[in-house]
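Visitor: I am new to this one. Please show me the model, and then I will ask my questions.

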Amino acid sequence: MTKKVFALDTKSGIQRDGTVLDKQFYNDGEWVRFQRGRPRKVGGYRQMTNQITGYSRGIYLDSENGVNRVFNGYSDGLQRFECNNNGIGSGVTDYTFTSHFTASDKNLWQFDGFFDATGGNDNLLLAHPGQNLAAIDNTIDTTVLSGDPAGNTMSPLQDTQGSSPTNNYIDVSGGVVALHPYVFVYGNNGLIKNCSAGNVFDWNSPDSNEVNVASQKIVKGLSVRGGSNAPSGLFWALDSLIRVSYNPTTISTGSGTQQLFWRYDIIGSSSILSSQSVIEYDGIYFWVGSDRFFAYNGTIIDLPNNMNQNYFFDNLNYAQRQKVWASKVTRFGEIWWFYPRGDSTECNDAIIYNIREKIWYDAGQAIGSYRTAGYYSQVFHYPIWAGEDLSVQETVITQDIDITNGSDVIVTDISNAFYVGMIVVANGVPDGSTVLSIAPGAAGEYDITLSANCVATATVSAQFQSVPNQISLWQHEVGTDRIEGQNELAVRSSFETNDLGWVSGGPSQFSPVGDNKWLHLERVEPDFIQSGEMKMYVTGRPFAQAEDKTTGPYLFDPDTKKIDLREQRRELRLKFISDVQGGDYQLGTLLLNADFGDTRPY
């Protein structure tokens, strides 16, 4: 038995930049986060609906009276999905547009809500489908839209009220943001424009304004705490950050006096990678620049990242930069930046900054990071992220149905595979017919209403097919598994330590000078808060640029007291994997029984 027992002391975070030997942090990980300096599995996720028309190019959430309205902007329109506080919802509502909306694969949506400052109930959903997906510096103006969050119609925003309405549509290339009781829009050549207080249809009264404050396009605006100068907002131009503050001032002019309402200050120079990469966390603003990370806490600061900055920028599909978007998981102090990696044209990975731990890590290209848009938890307790796996038209279930000529109702046996929107293919059913509603019929049967009337009376075999080009909305941080319809699948999570060999100082310390001996590992004493069986692998090599040799798996469960083994490497790492249904873990203090091994190479 070895005389030396060491506690694993790998530093928290996943370091992707640099060589494997030159690391004190974890070397690799997938769907793992860090809390109290220790790795733990990221939570599971549940499919809320699979009937969202995708890809999603913007998600916004509005909550009222226990109903959470999830708005999804996509290339050809806008949809709403409603759910309760458990994420259980109904069907999807498609908005219609009275005018001034153009379907385009370049549409990238920005949303905000505007409440009635007079205390009424005329709250509005504001939406801007800018044609910015292909290029952040696009100069095409599109119209800001407004509508009832609970309705099904969106109309163009227009200057129709006030003392001298112009009847002009509110057209900009950048986007829209509410700095209550004002609405601001922004776009080309540093344009920032606002309505009159409390009235989104008045853009001509004295407290409304239109000004160009930068040489480059404004691409993002967010509200900021303004104190005595409230409301205030931050606006990101392509080359600078601008602060706008309410600051009524009377100045003298050649013909008398003039009252000015707004102050515009250029905070400083910066860059911005994507208009969707900005996010606020506890009053501090974080975003991705064209070649580094930024934060604003009163001044613009460089956000240091020695862990995965090269990993991110060297592998980002820069042609798809506008698809980079930010979310946050405030329970664990995390900001997530989703991005298209390699030659992917949709987001397939995420890098994560943990504000509390002040560390970086990443999702390891886990399936749960394949997300195109989302919204963080507020009134609704869970993050909502949109998937990127477009559906194809395929048969979900084949079942006999009873049809009646001239009727839009078919009768069939009960099955949990049916859902609204499915395509029904059968003799006597018109091509393209879809399911509009499902209701209990006679005992053991469903009455299913179709979008068209049947043209025959018979019992026929029908194929119920999925609708193509749809994606799922996912409710994240729910349990430990991936729940998709009636299926519950394991979510894989893993982490790998840094090098633990004697040559780098040993398992519990990092030193540039070490003993030129192999590390001989005889026992590992697990210390996990754990559900389900886990696997441990031993990997390593004799020299920094030699090929790894991996052995295992060594299986252990929550009742395992020790893992006995006889493994040695000159440069040794341990990898732990959880990939069973219901699997979960939090690492504690892992004890290693190790001693000096050989002095020879392989």
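Guide: This is a predicted model, where local features need pLDDT of at least 70, side-chain atom pairs count only at pLDDT 80 or more, and totals for chains, interfaces and linings use all residues. Residues are numbered from 1 along each chain as its sequence is written, and side-chain values use heavy atoms, leaving out hydrogens and water.

Visitor: What is the order of the strands in the open sheet of four strands?

Guide: Strands here are DSSP runs of E, at least two residues, numbered from the N terminus. Two of them pair if DSSP finds at least two bridges between them. The pairing in this open sheet is antiparallel, and the order is 31-32-33-34.

Visitor: Which strands are the edge strands?

Guide: An edge strand here pairs on one side only. That holds for strand 31 (325–329) and strand 34 (359–362).

Visitor: Is Ser 344 buried or exposed?

Guide: Ser 344 sits in the loop between strand 32 (334–339) and strand 33 (349–354). Buried means under 20% relative accessible area, exposed over 50%, partly exposed in between (1.4 Å probe, protein chains only). Ser 344 has 17%, so it counts as buried.

Visitor: Which residues does Ser 344 touch, not counting residues up to four places away in sequence?

Guide: Contact means heavy atoms within 4.5 Å. With residues up to four places away in sequence set aside, Ser 344 touches Asn 317 and Gln 320.
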